[in-house]
Every structure is written in C-alpha cells, then in structure tokens.
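Reader: Please take me through the side-chain packing of this model, one question at a time.

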Amino acid sequence: DEFISSPPRKTVRFGGTLTEILLKYEKGDTTDFELLKHQLSDPDIKDAQIINWLHEFRASVAYLTKELEQLVKILLKLPWLRRSREVVEEYLGFLGNLVSAQTVHLRPCLQMIVSQFVPPRITIREDDVDISDSDDDDENISENFDTCHRALQTVAGYVPSTPQFLMPILVEFFPFINKSERTLECYVHNLLRVTVYLPTLRLQILELIIEKLLKLDVSTPQQDIEDAEEAANNSASEEKSTEEGLFDMEEDEDRTGNKVVSPSLERMAHPLAERLDILMTILFAYIKDVCHVDGKLDISNTKDLYRDLVSVFDKLILPTHASCHVQYFMFYICSFKLGLAEAFLDHLWKKLQDPNNPSVIRQTAGSYIGSFLARAKFIPVVTVKACLDLLVNWLHKYIDNQDTGTNAYCDVALHGPFYSTCQAVFYTLIFRHKQLLDGNLRKGLSYLQSLNFERIVMCQLNPLKICIPSVVNLFAAITRKYQLVFCYTIIERNNRQFIPVVRSGTGGDLVQTCTNPLDSFFPFDPYILKRSKKTIDPMYQFWEELSAEDLENLKKPIKKGTSEDEDDDFLKGETPQNDGVVEITPNSYESNTRSPVSSIGSPADCYVPFPL
C-alpha cells in the first residue's frame with residue numbers, strides 16, 4: 001500500500017547516465033533528451049533533483065557545446081536563487097565549470113545573472129486587468145542579490161574577458177525610467193556594487209547611471225516639480241480640513257485610515273522626481289562610501305573616483321543644457337577636500353579660456369564657475385579671490401584684444417564666452433561681496449576697486465546689455481552701494497535699445513528679441529529633491545535677503561526689460577524662468593523653433609522699442 005500511494009522519485013535516469021543521454025542525442029535518438037528537458041523544466045522540481053542533475057552536468061560540461069544551446073538555456077532558467085544553500089553552491093559550481101569549459105555560453109550566463117538585479121515580478125489582478133509590480137515583500141531579496149554578485153565574481157574569475165561582455169548586457173537590462181522606483185533603485189544599487197569587484201568597469205557604469213539620471217532630470221523641469229508639490233500640498237490641506245469637519249467617530253477614522261494613506265513627507269509628488277530623488281540618494285551614498293574608509297577620507301580612492309566623475313561630467317553634463325540636479329555629484333565630491341574643489345575650478349577655467357573648445361562649452365563652463373563659487377560654502381574667500389583675479393584679468397585682456405579689432409561691438413555670437421565670464425563674476429560678487437568685505441572694509445574695498453569693474457562695464461562690448469537682468473540689477477545695486485561703479489546710466493541706455501537676434505532659416509532671416517541672449521542658467525540653483533537635498537543643504541549657500549534700502553536701490557533704476565517677478569524669483573534664491581526662449585544652446589538658433597518648455601535660468605522674453 002505504501003509503495004502504491006507514494007509518488008515515483010523523479011531522479012530516474014532515462015536510458016542511463018546524462019553522458020549516455022547526450023551521446024544518444026548526438027546520434028539522432030532524441031527521446032530521452034526530450035524527457036530530460038521536460039524534467040528540468042518542471043516547475044515543481046525538488047532541491048534534491050536539481051542537485052543530482054547539476055552534479056552530473058558539472059561532470060559533463062565538455063558535451064554542452066553550441067549545439068546544445070537549448071538545453072543550456074533551460075539550465076539557466078532553473079529556479080536556483082530561492083533554494084537551499086546546497087542548491088546555490090552546486091549551481092555556482094556548475095556556472096564556473098560551464099563558462100571555463102564552454103565560453104560560448106558566457107553571454108547567456110551573464111544575462112541570467114544580470115536579470116536577477118531587479119526584484120522578481122508578481123502579477124496582481126484587479127477588475128480583470130493584470131497589474132505587474134515589484135515583489136517588495138521578498139525578505140530574502142538582499143541575500144539573493146549577494147548570491148548574484150557571488151555568481152558574477154565566480155564567472156569573472158574563470159573568464160578574464162568577462163567585463164567586456166558584461167557591459168553591453170548591463171546597458172541592455174537597464175530598466176525603463178517608468179518602471180517602479182524599487183526596480184530602478186535595486187538595479188542602480190547592484191550596478192554600483194559591480195564596480196567594487198570589477199573596477200575596470202567603474203567609469204562605464206558611472207557613465208551609464210548618470211546618463212539615465214540625466215534623462216530623468218531633463219524630463220522633469222524644476223517648475224513642473226514645484227507645481228506638483230504645490231498641488232499635492234493643496235490637496236493634503238483640503239483633505240485635512242475636510243477630515244477635521246467630520247464627526248470624530250472611531251468607525252470613520254478606521255475606514256479613512258484603511259483607505260487613505262497619508263503620503264510620506266519625504267516623498268516627491270512628481271513621479272519622475274521621486275525616482276530621481278531615490279537614485280541621487282544612492283549615488284551620493286556610493287560616493288561617500290568609496291571615498292571614506294573606516295570613517296576617514298581616503299585620498300587615493302577619492303582622487304581616483306574624482307577623475308572618473310570629471311570624465312563623466314565632461315562627456316555628459318557639460319554639453320547638456322539646463323539640467324537641475326544630476327550635476328550635484330561634482331558639488332558633493334568637491335566638498336570632501338578643498339583641493340578637489342580647486343581642481344574642479346581649474347578644470348572649468350581651462351575649458352573656459354581654451355579657444356579650441358566650442359563656444360557653447362566655454363559659456364557653460366563660465367556658468368558652472370560662477371554658480372560653484374557663489375553656492376559652495378566649503379570654498380573659502382581666499383579661493384574666491386584667486387578665481388576672481390583669474391577671471392577678471394582674462395576679461396581685461398579680452399577687452400585689450402578687442403579694442404584694436406573690428407569686432408569691438410555687442411554681439412553674443414562673437415563674444416559668448418566673454419559675456420558668460422562677466423555674468424560669472426557678477427554672480428559671484430552678488431553672493432560673496434559681504435565675505436570679501438568682512439573684517440577689514442578698507443582692505444576689501446581696495447581689493448574690489450583693483451578689479452576695475454568700471455572698465456568692464458563701460459567697454460564697447462557692453463556686458464550689462466547681455467547678462468540676465470536680475471543679475472545686472474543686483475550687481476548694479478551692490479557696486480553702487482560701495483561706489484565701485486555706477487551702472488544705471490548704461491542700464492537705462494540699454495533699456496531704450498532693441499536687442500536683435502537674427503535667426504537664419506529656410507524662410508529667410510527672422511528677427512526676434514530676448515532678454516537672455518546667452519540662454520544661460522545657473523547649474524547650482526537650489527536643490528529641491530527632498531531626500532537627497534539633506535546631503536547637499538549643509539554645504540549649500542542659500543540666498544540671503546538684501547536690506548530694504550538695497551532692495552529699493554535694486555528696483556528703482558530698471559523698469560523696462562524685466563518684471564518685479566523676476567527680481568523676486570532671484571531674491572528667493574531661484575533663477576528666473578523663461579517661458580519662450582528656444583531651449584537649445586546659445587548661438588545655434590534655428591528659425592521658427594520655439595520651445596514651449598521652460599528653459600531653466602532664463603527670464604521671460606521681453607520686447608522693447610527699436611531705436612530710430
């Protein structure tokens with residue numbers, strides 16, 4: 001009775017050992033081979049059966065050639081990760097034997113491992129619709145990831161060329177940005193873990209991650225994020241006031257408690273901003289962990305990572321116009337040691353002054369220098385002064401060279417880097433003038449007078465006409481207060497003039513105007529992602545309100561070409577928005593191309609009368 005009622009053991013060998021089955025298959029007898037495939041594909045296969053089969057396969061890897069690719073695919077689909085320790089160890093041994101004997105299967109093995117870098121999917125059915133989501137309830141997910149990395153290290157140990165085969169697979173398996181936050185978080189975290197034991201891939205992996213982050217960043221303009229937050233706050237306020245108006249009954253409270261889950265204070269209302277926030281938090285944590293050993297800064301590790309990040313910055317960040325958050329990875333690593341911040345400034349300075357670089361790159365480098373000097377608390381005044389000396393001396397030399405030439409007139413296309421540098425200097429002075437004058441006012445004023453702002457402002461290139469009005473206004477107010485230069489006569493004259501921008505195209509030349517011809521932006525404007533901003537805020541210089549007198553001086557002279565809203569935006573520590581300027585890099589305008597999307601850091605278009 002016992003024999004009849006017990007199920008047959010599934011370790012039966014069809015036609016003998018595995019070797020015999022494979023030899024039969026080579027001779028054309030496929031019966032046992034098909035039964036073998038069927039048994040390996042059984043969803044109810046037991047641990048003991050997997051171990052028995054893997055043990056035999058390890059001894060027969062020489063037979064698993066390219067012709068048996070289908071069988072290998074079935075083996076790679078075995079549910080080994082969520083099994084006993086014995087199964088895991090046997091499977092890792094099998095992987096090692098397989099790739100060392102048959103490197104033709106390296107790619108499928110790597111694909112199998114990388115596919116486990118995200119949580120398993122579960123299907124939830126609601127109203128006859130399948131909703132797929134991440135299985136976040138899996139308690140063993142961390143342990144599974146550890147096992148995956150062991151598997152990858154095992155394969156890499158047997159096949160030295162693993163990194164070059166692995167990288168395209170990491171790119172291929174990167175989840176789409178509309179996947180769940182958990183899926184993206186796990187995948188990025190696992191990619192960064194790979195860099196620890198395959199350091200040759202670190203630069204490429206960082207490049208891949210930052211490229212994806214950048215796509216998220218430019219897909220979520222700052223204004224959209226702020227609008228979503230405002231809408232969510234209004235909705236929460238209305239919900240709260242409605243609940244307060246209800247009778248305080250336990251039943252109602254329970255019912256609302258079950259149905260309405262109050263959103264976490266740290267959660268971003270905008271879904272893409274939420275993903276970006278989580279991934280930036282991971283990136284910051286990775287940078288900190290790599291650079292610190294036992295809580296202390298490791299100079300060698302930090303320098304190596306800095307070089308990789310600067311390389312990614314040059315390739316991806318610098319050519320991208322108006323990203324809001326991703327560039328802060330440079331801000332963060334530079335905060336670890338002053339030498340890094342100075343190296344970054346020197347790097348940007350070389351980009352700016354090199355005439356062989358495209359004008360757009362030079363202008364963007366200027367924007368980064370100004371924004372970095374203004375916003376980084378960890379940069380001391382002595383470094384700010386050294387940078388101002390470099391920038392201002394370059395401006396004076398540029399003016400000297402133009403005085404004798406035929407191009408000594410106001411033109412963004414010809415002098416873009418000059419205007420970008422002027423704006424960087426003005427912006428730095430706006431944020432740092434109190435520190436520059438602190439302690440010894442006479443000495444500070446003497447230093448500022450030595451910069452000879454008057455010559456820069458009064459030159460024929462007329463930088464006040466090109467720089468963003470909100471920056472010009474504040475610069476004018478500060479320089480007037482300390483009697484460094486009187487800008488208002490020039491500003492008023494500029495306001496009476498029309499700023500033509502000629503855009504050539506198939507329909508002929510089109511003349512339009514713009515109060516931000518440089519289409520410049522400030523890369524280190526306030527960081528607004530809730531979780532990751534905790535890392536940045538302690539080292540970030542927020543805008544401090546000017547006195548009532550300074551505000552009055554600021555608003556009085558300029559009535560045209562800028563609105564009070566722009567001034568207010570700047571004073572709140574935000575860069576004014578541009579609702580109409582073309583969202584492309586300067587000096588590469590195309591006719592009739594007007595982007596409806598805001599271009600961060602650009603005031604709204606403004607038209608002023610053309611002088612007769």
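Author: A definition comes first: rings of Phe, Tyr and Trp (its six-membered ring) pair if their centres lie within 6.5 Å. The model is predicted.

Reader: How many aromatic pairs does the count come to by this rule?

Author: The rule asks for ring centres within 6.5 Å. Counted in this way, the number of aromatic pairs is 34.

Reader: Is the pair of Tyr 25 and Phe 33 stacked or tilted?

Author: The ring centres of Tyr 25 and Phe 33 are 4.0 Å apart, and their planes meet at 25°. Planes under 30 degrees apart count as stacked. The pair of Tyr 25 and Phe 33 is therefore stacked.

Reader: Is Phe 33 buried or exposed?

Author: Buried means under 20% relative accessible area. Tyr 25, at 27% relative accessibility, counts as partly exposed. Phe 33 has 3% relative accessibility, so Phe 33 counts as buried.

Reader: Is the pair of Tyr 328 and Phe 331 stacked or tilted?

Author: Tyr 328 and Phe 331 are 3 residues apart in helix 16 (residues 328-334), which puts about one helical turn between them. Tyr 328 is buried, with a relative accessible area of 0%, and Phe 331 is buried, with a relative accessible area of 0%. Their ring centres are 5.3 Å apart and their planes at 50°, so the pair is tilted.

Reader: Which residues touch the most other members of the largest nonpolar core?

Author: Such a core is a set of buried residues joined through side-chain atoms within 4.5 Å. The largest nonpolar core has 172 residues, and those that touch the most other members are Leu 64, Ile 333 and Phe 372.

Reader: Which helix gives the most to this core?

Author: This core draws at least three residues from each of domain 1 (7-121 + 140-159) and domain 2 (362-501 + 516-520). With 13 residues, the helix that gives the most to this core is helix 14 (residues 271-291).

Reader: Which residues does Ile 333 touch, not counting residues up to four places away in sequence?

Author: Contact means heavy atoms within 4.5 Å. With residues up to four places away in sequence left out, Ile 333 touches Ile 287, Cys 291, Thr 302, Leu 305, Tyr 306, Leu 309 and Leu 340.

Reader: Where does Lys 385 lie?

Author: A charge sits over a ring if NZ of Lys is within 6 Å of the ring centre and within 35 degrees of the ring normal. At 4.6 Å from the ring centre, Lys 385 lies over the face of Tyr 447.

Conventions:
Residues numbered from 1 in each chain as written. Predicted model: local features only at pLDDT ≥ 70, side-chain atom pairs only at ≥ 80, totals over all residues. Heavy atoms only, no water. Buried < 20%, exposed > 50% of the residue type's maximum accessible area, 1.4 Å probe, protein only. Helix = DSSP H or I, 4+ residues; strand = E, 2+ residues; numbered from the N terminus. Domains from an automatic or database assignment. Phe/Tyr/Trp six-rings, centres within 6.5 Å; stacked < 30°, edge-to-face > 60°.
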